[in-house]
Amino acid sequence: MSVAPFPPATGAGRVLGGIRDVFTSPKYGPVLVTFLLLIVVFAVGGSRYRGFVSGPVILNLFVDNAYLIVLAVGMTFVILTGGIDLSVGAVVAMSTMIAASLLQAGWSAGVVIPLILVVTSVLGLLVGLMVQVFKIQSFIATLAAMFLARGLCYVISKDSISITDPFFVALAQTKIPLGDRMSITPSVVIAIALVLVAMVVLHYTRLGRTVYAIGGSEQSGMLMGLPVARTNVLVYVISGFCSGLAGVLFTFYTLSGYSLTAVGTELDAIAAVVIGGTLLTGGYGFVLGSVLGVLVLGTIQTIITFEGTLSSWWTRIFIGVLLLVFIILQKILTARRR
Amino acid sequence: MNRIFASRLFWPVVMLLALFIVNLIAFPGFFSIELKNEHLFGSLIDIVRNGAPTLIIAIGMTLVIATRGIDLSVGAICAIAGAVACSIILGSPDPGSVGTVVVAIVVAMVISLVLGVWNGFLVAVLGIQPIIATLILMTAGRGVAMLITEGQILTVNSPPFKVLGSGFLFGLPVATVIAVAIFVLAALLTRRTALGLLIESVGINPEASRQAGVRSRGLLFAVYTFCAFCAAVAGLILTSNQTAADANNTGLFIELDAILAVVIGGTSLMGGRYSLLGTLVGALVIQTLVTTVYTVGIPPIATMVFKAAVVTVVCLLQSPTTNAAFARWRTSLSSRTRKGVAA
């Protein structure tokens, strides 16, 4: 703990000290910085383009990034335990391919969607078992899963398959009106519901506390008698499930399955989680922070679209730079506390 | 000593031989090598030529992994090196001259070395976990390559540049000769000097090696820079082979192949002891696997599924849990036979 340079005798001093403590805490600091960043990015957009800070633009952020929010939720669980999941992009692509090919073969949506969620959860289970039972590093195990999922995409079909199933088309076209000229899609509702569930699970259940405990110190968690092994496997199942769900939402968005979709999405998801203030070594972080991270990435993307002259590959560079800044911020904040 | 060496290379070599046999059954002329126009041709030559970029990167990756690190940015560095070289060649008044190509290659190498130093800085000075530190360049690097190529696929028509990817030297493909040269260089530098020992000590226990007076910071800078150097060479070979720089696809997933080669070669991802010879065999296994998929007649698009299977099997074989289970099984087996003898 650092000592305040002046004695916080006055009320104002105490408040200032309190604010500084919150900003420099590894738990809340990065999230607050992200929140301020989001406001700044929005202000930049608003000052440059008329109609940037408006209902439709903000809602579109959610519509365009619903699947990324879902991915980031799953990734948050994994990163909170100190692991990483590189397979999510490939699993999204695999889900779109399974959906598109089975719907083309005449299966009903009511069977296909649960099937996808089960398949991706089982894949997550296998990854979790490799990590927990065989002590394989999470990034190698999920790398294998990534190869497998991408490979299976190619095996299903090399070409893009479009989806004409009435249920999927209906969900893709449904708009839930929210007042004047504003609407959201069912995907946004699903994503927000998932975020709420994840928040409850992380903060009000034993599973959630164990996830944080593993990230803090796996050894201590084990000595406290927490179900470390089970939880370590479960986070990969959760991430697999979220990837499957994100894949389904992605098909609602694009109405097609293609084996090369979502290349590099795992990086976006990881970046969103890190920017959202989750410590890469685990233990600290919030689902809501990850949502903020997704929104920051989405807003930058929107600004680049609004700009028109800036090419889309600037997005990648910006994401890289933001990632760097936040990792260094994490480093500084955790170093101060030690 | 000899026995330890043999046991480490045992499984990778068995895997390679098994793949050779499968190939030989599917395609009897697999081992034949012909001499046409003083150039060697044959399936084996194809393997050592097409596998050269992966091998080159895997050599750099081996040293990085030996320090308990990882470099995910090699694919992006490949793309950047190719993009820089091609844009210089295209921008020059005389794309066919040897001078232009040399300048292009030197500039591409220098830029890549800077990127390697950057990775080294993040890992050694800022102390960021290697996966994450190199993830930054992996994400941003392709964007940078896109900026250099301005989003285009740069096609170059420069005979001297083409030599790198599809030329021949002493009857062997130039790419293979370069790969062998880098392999020999790395082996001599790290195994004929104490360098290899120091790298391993940093990987086994960073704190202990620091207290023993090993300057880990400089070593980390060196291995990440060397890895970027290897990635740039591989990127130039790939670009030259395709005669085009494609910021999106040059070296895509090559980091995974390189890591896979290292892992198959028996170098543990936990750092420490490494085997360059193992990596060589590992790279050959991967390239032979790709060739096998073609010769056996499996659709080439399924290659990734096979790679996934190989990674999984190799990791499971190397896992401490499996080893412990094997050891238990062996002791129970031997105790049972002893009991049998006693009875």
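**Figure 1. Chain B is divided into domain 1 (37-297) and domain 2 (302-338).** The domain bounds come from an automatic or database domain assignment. The model is predicted, so that local features need pLDDT of at least 70 and side-chain atom pairs count only at pLDDT 80 or more, whereas totals for chains, interfaces and linings use all residues. Residues are numbered from 1 along each chain as its sequence is written, and chains are lettered from A and ligands numbered from 1 in the order in which they are written. Taken over C-alpha atoms, the centres of domain 1 of chain B and domain 2 of chain B are separated by 31 Å.

**Figure 2. The contact between the chains takes 34 residues from chain A and 32 residues from chain B.** Helix 6 (138-156), helix 12 and helix 14 (313-337) of chain A each supply at least two residues of the side of chain A that touches chain B, and the largest share, 12 residues, comes from helix 14 of chain A. The residues of this side of chain A divide into 25 nonpolar, four polar and five charged.

**Figure 3. Helix 4 (residues 88-104) of chain A packs with helix 12 (residues 265-275) of chain A at an angle of about 125 degrees, with their axes 6 Å apart.** Axes are lines fitted to C-alpha atoms, for helices over the stretch in contact, and angles run from 0 to 180 degrees between N-to-C directions. Helix 4 of chain A and helix 12 of chain A are therefore oblique to each other, given that angles under 35 degrees count as roughly parallel, over 145 as roughly antiparallel, 65 to 115 as roughly perpendicular and the rest as oblique. Val88(A), Gly89(A) and Val92(A) of helix 4 of chain A meet Thr265(A), Glu266(A) and Ala269(A) of helix 12 of chain A in this contact. In helix 12 of chain A, 11 of its 11 residues are buried, a residue being buried if 20 or more other C-beta atoms lie within 10 Å of its own, exposed if 12 or fewer, and partly exposed in between, with C-beta atoms placed from the backbone. Just after helix 12 of chain A, Gly277(A) takes a positive phi of about 95 degrees.

**Figure 4. Ile163(A) lies in the loop between strand 1 (161-162) and helix 7 (166-173) of chain A.** Ile163(A) counts as buried because it has 21 C-beta neighbours inside 10 Å. Leaving aside its neighbours within four places in sequence, Ile163(A) is in contact with residues including Ala99(A), Leu103(A), Phe168(A) and Leu255(A).

Key
Helix = DSSP H or I, 4+ residues; strand = E, 2+ residues; numbered from the N terminus. Contact = placed C-beta atoms within 7 Å. Nonpolar A, V, L, I, M, F, W, Y, C, P; charged D, E, K, R; others polar.
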